Amino acid sequence: MHRILTPLALCLTLATPVAAQELVGSYVAYISRDDLYSSKGTRLREPWQVLRQDRANFHRFGIRQAGDETDSFFASKENRGIMERMIMNGSIDPAAARILTQGGATVFVRIYGSGSRGTSVRVTVVD
């Protein structure tokens, strides 16, 4: 009986995710013209680039728009650096992606992971 239960227990353990995804942070941000350009003046074309610049503007450069909220996760330069991967692992509403690259909208960003480690981001447009 022990020989049957051990492989069964192992299979059940492997089928369970290693770390459950939990909400580790969230924020609301207004995406303005300032967020559409890099610190060097280059026009940003991808949604994750705009989101990353928005957080750099907020945390590093003190450029903030009415409606911008703080977040502790992207206060870290390293965490802003992994934003692209986190969006690829998460989701972005097609309308949010389009609006992000045009500016002039408010987005709601949810950061998922485990503990203080973020693994994915979900982005939606706030009506």
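This is a predicted model: local features need pLDDT of at least 70, side-chain atom pairs count only at pLDDT 80 or more; totals for chains, interfaces and linings use all residues.
Trainee: Why is F108 called partly exposed?

Mentor: Buried means under 20% relative accessible area and exposed means over 50%, with partly exposed in between (1.4 Å probe, protein chains only). F108 has 26% relative accessibility, so it counts as partly exposed. You will find F108 in strand β3.

Trainee: Which residues does F108 touch, leaving out those up to four places away in sequence?

Mentor: A contact means heavy atoms within 4.5 Å. By that rule F108 touches S26, Y27, V28, R122, V123, T124 and V126. Take V28: it is 80 residues from F108 in sequence, but their C-alpha atoms are 4.6 Å apart.

Trainee: How do you know which strands are paired with β3?

Mentor: Two strands pair if DSSP finds at least two bridges between them. β1 and β3 have nine bridges, and β3 and β4 have eight, so both pairs meet the rule of at least two. Each pairing is antiparallel: β1 with β3, and β3 with β4. As examples of partners, V109 is bridged to V123 in β4, and Y30 to T106 in β3.

Trainee: Why are β1 and β2 said to stand at the edges?

Mentor: The open sheet has four strands in the order β1-β3-β4-β2, with mixed pairing. β1 and β2 each have a single partner strand, so one side of each is left without a neighbour in the sheet.

Trainee: What makes a group of residues a nonpolar core?

Mentor: It is a set of buried Ala, Val, Leu, Ile, Met, Phe, Trp, Tyr and Cys residues joined through side-chain atoms within 4.5 Å. The largest one here has 19 residues, and Y27, L51, F74, V107, V109 and V123 touch the most other members. The elements giving two or more residues to this core are β1 (22-31), α2 (47-61), α4 (83-89), α5 (94-102), β3 (105-114) and β4 (117-125). In soluble globular proteins, nonpolar side chains tend to be buried together.

Trainee: How do you know that the buried residues of α5 are on the same side?

Mentor: The buried residues of α5 are A96, A97, L100 and T101. They cover an arc of only 125 degrees around the axis, which puts them on the same side of α5; the arc is taken from the directions from the helix axis to the C-beta atoms. The face turned away from that buried side carries the exposed residues P94 and Q102. Among the elements covering the buried residues of α5 are β1, α2 and β3.

Trainee: What follows α5?

Mentor: G103 does, with a positive phi near 80 degrees.

Methods
Residues are numbered from 1 along each chain as its sequence is written. Side-chain values use heavy atoms; hydrogens and water are left out.
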